[in-house]
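Please look over the sequence and the structure below.

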Amino acid sequence: MQFRLLIKGGTVVDGSGAEAFVGDVRIANGRIAEVGPNLTAGTGERVIDAVGCLVTPGFIETHNHWDGGVWWSPNMEPLPAYGITTSINGNCGFSMAPNPQTVEDQQNVIDIFNFFEDIPEAPMQKLVPWDWKTWSEYKASFLRNVKVPVNFAAFCGHIPMRLSVMGQDAWNRTATPDEIRQMVALLEDAMDAGAIGFSSNQLDYDKHDRPLPSQQADDAEYKALFDVVARYPGATVQVIVDHFMRMTGPDSAERFGRLATAAGVRLQWVGLPSLKFQKEIGKKSQVVHDRFKAEGLDVWTGYHHVSPTSVINFGRSLVFAQNGNQVWQEVIDTPIWEDKVALLSDPDWLARARQAWDHDTYPHSYLHDPSALTFMDSESGWGPVTGTLADYMAESGIAHASDALAQWVINNGAESVVHKRSWEVDEDVLLSLFRDPFSVGNTSDGGAHGKMFCGTGDNVLVLTDYVRDRGLLTIEEGVHVLTGKLANFFGLHDRGVIQVGKVADVVVFKLDEIERRPEEKIWDVWDGEGGRTYRYTRAPAPMRLTLVNGVPIFDNGAFTGRFPGEFIGPEQPASLAMAAE
């Protein structure tokens, strides 16, 4: 169904950074048909009263992990209610394709999504068809089997590509020239099919504390893969670097910036750190970033305006491992509750856990600070479910924080929840990143970590906290960093601004009505055993209207049940397209 709408009397913030203006926007055939003052409604045209509202391009989530979730939660809640019209996936070197063909290699891919992104294993194994080998076949299966409300884009990930070609050798060695040629062919297949680019990972270690396969790749492998991406206008490369654990970020940024420049490809490195504990390492990466800009290189840093939030459950979480405590991670990785209890009660394990708590946990982590760990929820109802671990130690008389947490978990169950205090943001760095011409923001991790946090809705904080409440950004700046700037970076030249001829991804909202709502636990994820498990979501911001490709997906305070989202990739700018004709 084609929708014809006239949005009347709103303040148009067009996404380009230009000054806002009062005007009307006409939508027809999925495109912006007219922008101007005092437009007259046509026959059969729905009129939207936008007086007192802002009219902006739809917001772009630049770093999502909806790769699995769209197969069993296609509503992508709560994206439509937050004005999000494009979701970019396949990040961190993790993608659904290529699909390795041995059971062990494919299980590695599922385990990686499960461990790092908290994507539940049962629906990944049983609800996803896995009826593809290549990325192009994956996209074809997606188009056959999935309908989504927002536009979906995806990188081709380095890790499944290596596993597809090298099998288990991908974990422990560099690739041979022939294996590199096979990876090049897989990436060419993905780019021909419309992948938004290539993603890799120089940060993460898996649940066995092994560096991910992408960290075994040498410069020859990266050069060959970067050269592929460089042949596709608008496509980009993303590399995740480490400012959290082993602090190799500055060296990685330098390495990959030079490789990308030699290949002539646009690079996003994620990213320049904006947390206070990263201040010293951040200075080193800032020097690299500033030098790249001074040299005019097409190298951009990723960032997010919200500190990573760690909500820990004891059934599946990567928080202990990523904070250096592999002993407590043993409990998380033990699947059967009775076996968890046996570990938590074992004097030898308790002694090792105290040692790890005091000496192995990273110094900058709050994970060894009992006053920074707050109880949120109990599976058994035993409690307490308020106060901190320090409070519980005082009440129970248990002297060591690790012992106290072990007893609390035994009493309350594996699905009980503890919140770790978030790291403090360095706001001076963050404000400079908002305005930096070579930065990619809104890397929310939405779609991942359903039992840990829901990053969706973080986009609204830019408009409320930074624009409306504290006046640190103008509305034009706030909208630009969430829309036009991002569309330009990813080669999405057919959207991202309010302009005649562009795709009608449009949002209407009143600034004093929207908020990033509190997290809510809902039980809507299939658990593989006929029941449901939980994830966190948020109540609507709400937007007055969210349009994707000219179709309302959030309207009159509710999701409309429409699925007009398209699988999109880089588009040539109109000037390049005309020159090629």
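The model is predicted, so local features need pLDDT of at least 70 and side-chain atom pairs count only at pLDDT 80 or more, while totals for chains, interfaces and linings use all residues. Residues are numbered from 1 along each chain as its sequence is written, and side-chain values use heavy atoms, with hydrogens and water left out.

Side chains of opposite charge can pair when their charged atoms come close. A salt bridge here is a side-chain nitrogen of Lys or Arg within 4 Å of a carboxyl oxygen of Asp or Glu. By this rule there are 40 salt bridges.

One of them joins the side chains of Arg258 and Glu295, at 3.0 Å from N to O. Arg258 belongs to helix H7 (residues 249-263) and Glu295 to the loop between helix H8 (279-294) and strand E12 (299-302), so this pair ties together parts that are 37 residues apart in sequence. Helices (H or I, at least four residues) and strands (E, at least two) are DSSP runs, numbered from the N terminus. Arg258 has 34% relative accessibility and Glu295 has 40%. Both count as partly exposed, the class between buried (under 20% relative accessible area) and exposed (over 50%), with a 1.4 Å probe and protein chains only. Arg258 and Glu295 also belong to a network of salt bridges that links them with Glu254 and Arg291.

The loop between H8 and E12 holds Asp298 as well. Its side chain meets that of Arg266 in a salt bridge of 2.9 Å, N to O. Because Arg266 lies in strand E11 (residues 266-270), the Asp298 pair ties together parts that are 32 residues apart in sequence. Asp298 is partly exposed, at 29%.

A further salt bridge, 2.3 Å from N to O, is formed by Asp377 and Lys521. Asp377 is in strand E14 (residues 373-377) and Lys521 in strand E18 (residues 519-526), so parts 144 residues apart in sequence are tied together. Asp377 is partly exposed at 25%, and Lys521 is partly exposed at 25%.

Two packed helices are described by the angle between their axes and the distance between the axes. Helix H4 (residues 158-166) packs against helix H5 (residues 177-192) at about 130 degrees, with the axes 10 Å apart. Axes are lines fitted to C-alpha atoms, for helices over the stretch in contact, and angles run from 0 to 180 degrees between N-to-C directions. H4 and H5 are therefore oblique to each other, since angles under 35 degrees count as roughly parallel, over 145 as roughly antiparallel, 65 to 115 as roughly perpendicular and the rest as oblique.
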